Amino acid sequence: MSDTTTRINEKEREQTEEEIDEQEAAEDELTCPECGGRLAADTEHGETVCMDCGLVVETDEIDRGPEWRAFDSAERDQKSRVGAPTTNMMHDKGLSTNIGWQNKDAYGNALSSRQRQKMQRLRTWNERFRTRDSKERNLKQALGEIDRMASALGLPDSVRETASVIYRRALDEDLLPGRSIEGVSTSALYAAARQAGTPRSLDEIATVSRVGKMELTRTYRYVVRELGLEIQPADPASYVPRFASDLDLSEESERRARQLLETAKDEGIISGKSPVGLAAAAVYAAALLTNEKVTQGAVSEVADISEVTIRNRYKELLEAEGDVMAA
């Protein structure tokens with residue numbers, strides 16, 4: 001046998017002996033030094049105890065759990081401190097650091113002129129690092145537009161989150177070339193609002209958007225078709241609570257408006273008509289039926305629809321109601 005083979009065998013034997021020693025040391029740590037029984041950690045008292053003979057092997061262990069107690073899952077989630085959750089409403093999902101705009105230190109004292117200049121420079125570089133390429137800059141601008149329009153329309157965070165996901169999908173599937181960022185982001189918000197059952201009319205969306213109504217409708221159809229979004233036709237009844245609230249109408253009027261729309265739906269007269277116009281007419285008719293003073297002008301202003309449309313739909317709703325009553 002050569003010297004090289006002998007050295008290799010000796011080295012393998014030494015490694016095997018070291019592994020055996022480590023395994024035996026690990027087993028010794030897990031067994032009681034007195035009786036060889038199984039050890040268990042008592043987290044309540046910070047001790048390691050033998051389960052067989054009761055010997056306390058180690059005391060004053062570090063408790064790595066929380067310093068608070070919770071008695072149910074809701075309380076545990078409320079007390080846990082793990083930072084802000086990730087969100088699709090930010091281009092980096094909220095995982096980056098944000099430097100505050102207040103020029104104050106940790107004690108609330110104002111910064112000196114030199115420190116303010118330094119912090120402003122840090123903010124500038126921080127913004128540059130947060131958007132590393134054109135795709136992230138595009139996403140940041142679009143999500144800012146979605147947040148601005150949603151705030152102006154009073155839409156909840158769930159709708160903003162859905163709109164952000166739709167825009168991200170459009171960006172990933174390369175639907176933006178040839179279309180404006182504002183147009184696609186507005187279309188995403190309009191689609192998200194309809195999916196969530198809190199729709200806004202095209203006129204309302206176009207009012208807060210930076211694109212025209214024609215471009216908005218064209219881009220919306222394209223995004224829905226390419227992404228395969230399942231969006232049901234807008235239900236006129238979904239507009240009623242908002243219109244009734246803006247006009248300070250009672251719950252009885254709101255309930256009556258829903259009944260008028262339900263009757264019209266059963267009679268089949270709502271097909272092909274604007275859901276906003278039907279909802280506005282139902283609210284106006286319900287207010288008159290419940291002896292509440294509301295003018296067509298006030299309803300027109302709230303619903304952003306012409307008085308002529310309200311009068312035409314109003315007559316149709318009352319005729320459908322009369323036909324059902326006569327039958």
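This is a predicted model: local features need pLDDT of at least 70, side-chain atom pairs count only at pLDDT 80 or more; totals for chains, interfaces and linings use all residues.

Student: How far does α5 reach from its first C-alpha to its last?

Tutor: The expected span of a helix is 1.5 Å times one less than its number of residues. Helix α5, residues 157–172, has 16 residues and reaches 22 Å, close to the 22 Å expected. After α5 comes D174, with a positive phi near 60°.

Student: How many helices and strands does the protein have?

Tutor: Both are DSSP runs, numbered from the N terminus: helices are H or I over at least four residues, and strands are E over at least two. Here they come to 13 helices and three strands. Of the 327 residues of the protein, 34% count as buried.

Student: In what order do the strands lie in the sheet?

Tutor: Two strands pair if DSSP finds at least two bridges between them. The three strands form an open sheet in the order β1-β2-β3, with antiparallel pairing. Its edge strands, each pairing on one side only, are β1 and β3 (56–58). From one strand to the next, the twist averages 35°; axes are lines fitted to C-alpha atoms, for helices over the stretch in contact, and angles run from 0 to 180 degrees between N-to-C directions.

Student: Which residues are bridge partners of A40 and V49?

Tutor: Strands β1 (residues 39–42) and β2 (residues 47–50) pair over four bridges, and A40 has V49 of β2 as its partner. On to the next pair: β2 and β3 are joined by two bridges, where V49 meets V56 of β3. Look at the turns too: G46, in the hairpin of β1 and β2, takes a positive phi near 70°. In the hairpin of β2 and β3, with five residues between the strands, G54 has a positive phi of about 80°.

Student: Which residues have the most contacts inside the largest nonpolar core?

Tutor: In soluble globular proteins, nonpolar side chains tend to be buried together. A nonpolar core is a set of buried Ala, Val, Leu, Ile, Met, Phe, Trp, Tyr and Cys residues joined through side-chain atoms within 4.5 Å. The largest one here has 35 residues, and those with the most contacts inside it are L155, I166, Y167, L176, L189, L227 and L229. The elements giving two or more residues to this core are α4, α5, α6, α7 (202–208) and α8, and α6 gives the most, with eight residues. Apart from this core lies another, of 29 residues, among them Y239, A244, V283 and I310.

Student: Is T219 buried or exposed?

Tutor: T219, which lies in helix α8 (residues 213–227), is buried, with a relative accessible area of 5%. Leaving aside neighbours within four places in sequence, T219 is in contact with R179, G183, V184 and S187. A polar atom of the T219 side chain also lies 2.8 Å from the backbone oxygen of E215.

Student: How far apart in space are A286 and R256?

Tutor: They are 5.4 Å apart, C-alpha to C-alpha, although 30 residues separate them in sequence. A286 belongs to helix α11 (residues 275–289) and is buried, at 0% relative accessible area.

Note on methods
Residues are numbered from 1 along each chain as its sequence is written. Side-chain values use heavy atoms; hydrogens and water are left out. Buried means under 20% relative accessible area, exposed over 50%, partly exposed in between (1.4 Å probe, protein chains only). A polar contact is a pair of N or O atoms within 3.5 Å; within protein, one must be able to donate a hydrogen and the other to accept it, and residues adjacent in sequence count only if both atoms are side-chain atoms. Contact means heavy atoms within 4.5 Å.
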